[in-house]
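Here are my notes for someone opening this model for the first time. Take the points in any order, with the structure alongside.

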Amino acid sequence: MVTKQDVENIAILSKLFVAEDELDNLTKQMQEIVSFADAINNAPDSGEEFDNINNLSNVFREDVVVPSLSAEEILKNAPEQGENHFLVRNHA
Amino acid sequence: MKYELVSGFETHVELSTNTKIFCSCTTAFGGEPNTHCCPVCIGLPGTLPKLNRQVVRYAIMAGLATNCEIAEVAKMDRKNYCYPDLPKAYQISEYDKPLCEHGYIQLSNGRKIRILRIHIEEDAGKLIHAHGDTYVDYNRGGVPLIEIVTEPDFRSVDEAREYVERLQQIMRYIGVSDCRMEEGSMRCDVNISVRPEGSEELGTRTEIKNMNSINNIVKAMEYEFERQVDVIESGGKVIQETLRYDDASGTTSSMRGKEDANDYRYFRDPDLVTILTSREEVEEIRSILPELPAVKQSRYTDDYGIPEKDAQLLTKYRKVSEYFDEAIKGLDNPKTAANFIIGSIFRRVETEKDKETFDVPVSPAQLNELVKLIEDKKIQNNLAKKTLEKMLDTGKSCTEFIDESDLGGVDDGALEEMCRKAIESNPNAVSDYRGGKEKALMSLLGNVMKQSRGKADAVAVKTKLIELIAE
């Protein structure tokens, strides 16, 4: 059961501002979305413990250095940059 | 009322692998900003992490060296939080199936500090706050860490200090980390609560984050202990919160909550597969572990009769203990070699950093050769000491400084003759000694040693002098 408190917490975690008068509607919608997943509970399963979908284990890389990209390339998609750093503006 | 400290540690240790935990970028410290990065470690969409095998091996080594059980099945999880030091908005860590669990480190007072778990995870990037903005360097992002979590088993600040020193020593011995606190490759979060002495209940705890020197840990713990006692004594309640320690003022202060709901929404990382560790692999790793410092130390004290304090000095750094082990091969009494190392050699290798590498001009074999001469009673201790200094100056072996005339002791006849000569030429010293000035004997002794060019045995000379004076 999704509560108003859950929605408020999720809003905080998602850095979203939610107005008081939106809460009831959002809670109802969130409940509906979560209910979709409940359908999975009704699907039959073999009852065996399930680890990961490909049933893979121990896929490793050897500890050998490969050259990194240049700072210029790394910063290419940065919304803002300065002094070869990603720049995060303080909006507070 | 008297209060007791209750404390637990979470220690992050950066592993000394060549590459990051999920990509092949270098882990080298420093470097120009954002030059040790690739699409994986800056979290670009569509990239996939691939686990570094060496990270798993190092973590298992750390687990075995701290008496942990190694999990047959482990997995990686996502720890979600939104902060610029994490480009993916989650850190890949291990939640409910860590690689190592249920270990301990024993302290010198006999108490065991239980280790709850050791898990592997990725380090975050470095943030520089300037001009009201935040500059992010992801060079450190993705560097492999192990987090070592203890139970709340510390009852004093001294125990905490010893634990950190031992942990540092063990990790360096097994070579999984350099544990340089000043470079951030070892960082401690400390949980602290207080309770009336004798109580079994745990008080409300606070957590001091990210301390990077043993001195600061000690000072912060002392301050926080007093602060909590003051709060309780004045009728207040300790609030559970995360604190930072300010070195300049020597106080702790509340940190802004990273996540109000403190809800990391851990879930399995679907990009990473299960880690299975066979018992054979665990035993194979156990077999390559070096002798651990605690075992070495008791070998030195119990088997060689070396005083505990000296044994501690010899085992503090792996290179020093290896040097010592090499130097005492085939010797009857390792104590002499121990004294030479702690005395003459340590005087020239003063800093902690130098002891860590222990690059000494005299090789262990050369020291062995010198001590062998003493054991075979070919030269006296004093002469050996002087010779060692010359060896340290030049890097040459002892045979370069000891000629045939130095070898062999002084026979009894010659010794008596020298003593008589000393007594005859120093009537004042003799009468001073007879008058009760014990120290006067030293000048006679010095005279004989000079005559014998340091070859005479000081104890034998003293006995002979006393005997002759009494005649």
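How many residues does the contact take from chain A, and how many from chain B? It takes 32 residues from chain A and 35 residues from chain B. Keep in mind while reading that this is a predicted model.

1. Start on the chain A side of that contact. The elements of chain A that give two or more residues to the side touching chain B are α1 (4-13), β1 (60-61), α3 (71-74) and β3. Of these, β3(A) gives the most, with four residues. Sorted by class, this side of chain A has 15 nonpolar, ten polar and seven charged residues.

2. Now look at what β3(A) does there. An open sheet of four strands runs in the order β2(A)-β3(A)-β10(B)-β9(B), with antiparallel pairing. Its edge strands are β2 (81-82) of chain A and β9 (126-130) of chain B, each of which pairs on one side only. The link between the chains is the antiparallel pairing of β3(A) with strand β10 (residues 133-137) of chain B, over three bridges. To find the spot by eye, look for Leu87(A), which stands opposite Tyr135(B) in β10(B).

3. The chain A part of the sheet is worth a look too. β2(A) and strand β3 (residues 85-88) of chain A pair in the antiparallel sense over two bridges, and Gly82(A) stands opposite His85(A). In the loop between these two strands sits Glu83(A). Its phi is near 55°, a positive value in a residue other than glycine. Is Glu83(A) buried or exposed? Glu83(A) counts as exposed because it has 10 C-beta neighbours inside 10 Å, and the exposed class takes in residues with 12 or fewer.

4. Chain B has a positive phi of this kind as well: Asn67(B) has a value near 65° and is not a glycine. You'll find Asn67(B) in the loop between α1 (53-65) and β3 (69-70) of chain B. Asn67(B) is partly exposed, because 15 other C-beta atoms lie within 10 Å.

5. Which residues have the most contacts inside the largest nonpolar core? They are Ala59(B), Ala62(B), Leu99(B), Ile118(B), Ile146(B) and Val190(B), in a core of 74 residues. The largest share of this core, nine residues, comes from α1(B). Take Ala62(B) as a way in: leaving aside neighbours within four places in sequence, Ala62(B) is in contact with Ile118(B), Ile146(B), Met171(B), Ile174(B) and Val176(B). There is also a second, separate core of 29 residues, which includes Val320(B), Ala327(B), Phe340(B) and Leu388(B).

6. Next, a stretch of strands in chain B. Strand β12 (residues 186-196) and strand β13 (residues 206-211) of chain B pair in the antiparallel sense over four bridges, with Cys188(B) opposite Met211(B) in β13(B). β13(B) is also joined to strand β14 (residues 242-246) of chain B by two bridges, and here the strands run parallel. The bridge partner of Glu207(B) in β14(B) is Thr242(B). Between β13(B) and β14(B) the chain passes through helix α3 (residues 214-233) of chain B, and this β-α-β crossover is left-handed. I'd trace that path on screen.

7. The buried residues of α6(B) are Ala311(B), Leu313(B), Leu314(B) and Thr315(B). They pack against α5, α7 (318-327) and α8 of chain B. Pro307(B) lies in the loop between α5 (293-304) and α6 (308-315) of chain B. Pro307(B) is exposed, because it has 12 other C-beta atoms within 10 Å, and 12 or fewer is the cut-off for that class. Pro307(B) and Lys335(B) are 28 residues apart in sequence, while their C-alpha atoms are 9.1 Å apart in space.

8. Last, Ser344(B) in helix α8 (residues 334-348) of chain B. What does Ser344(B) touch, not counting residues up to four places away in sequence? Ser344(B) touches Lys385(B), Leu388(B), Glu389(B) and Leu392(B). Leu388(B) is one of the residues in the second core. Ser344(B) itself counts as partly exposed, because it has 18 C-beta neighbours inside 10 Å. Ser344(B) and Val136(B) are 208 residues apart in sequence and 48 Å apart in space, C-alpha to C-alpha.

Conventions:
Residues numbered from 1 in each chain as written. Chains lettered and ligands numbered in written order. Predicted model: local features only at pLDDT ≥ 70, side-chain atom pairs only at ≥ 80, totals over all residues. Buried ≥ 20, exposed ≤ 12 C-beta atoms within 10 Å, placed from the backbone. Pairing = 2+ DSSP bridges. Right-handed = clockwise from strand over helix to strand, strands pointing away. Contact = placed C-beta atoms within 7 Å. Nonpolar A, V, L, I, M, F, W, Y, C, P; charged D, E, K, R; others polar. Core = buried A, V, L, I, M, F, W, Y, C linked by C-beta atoms within 7 Å.
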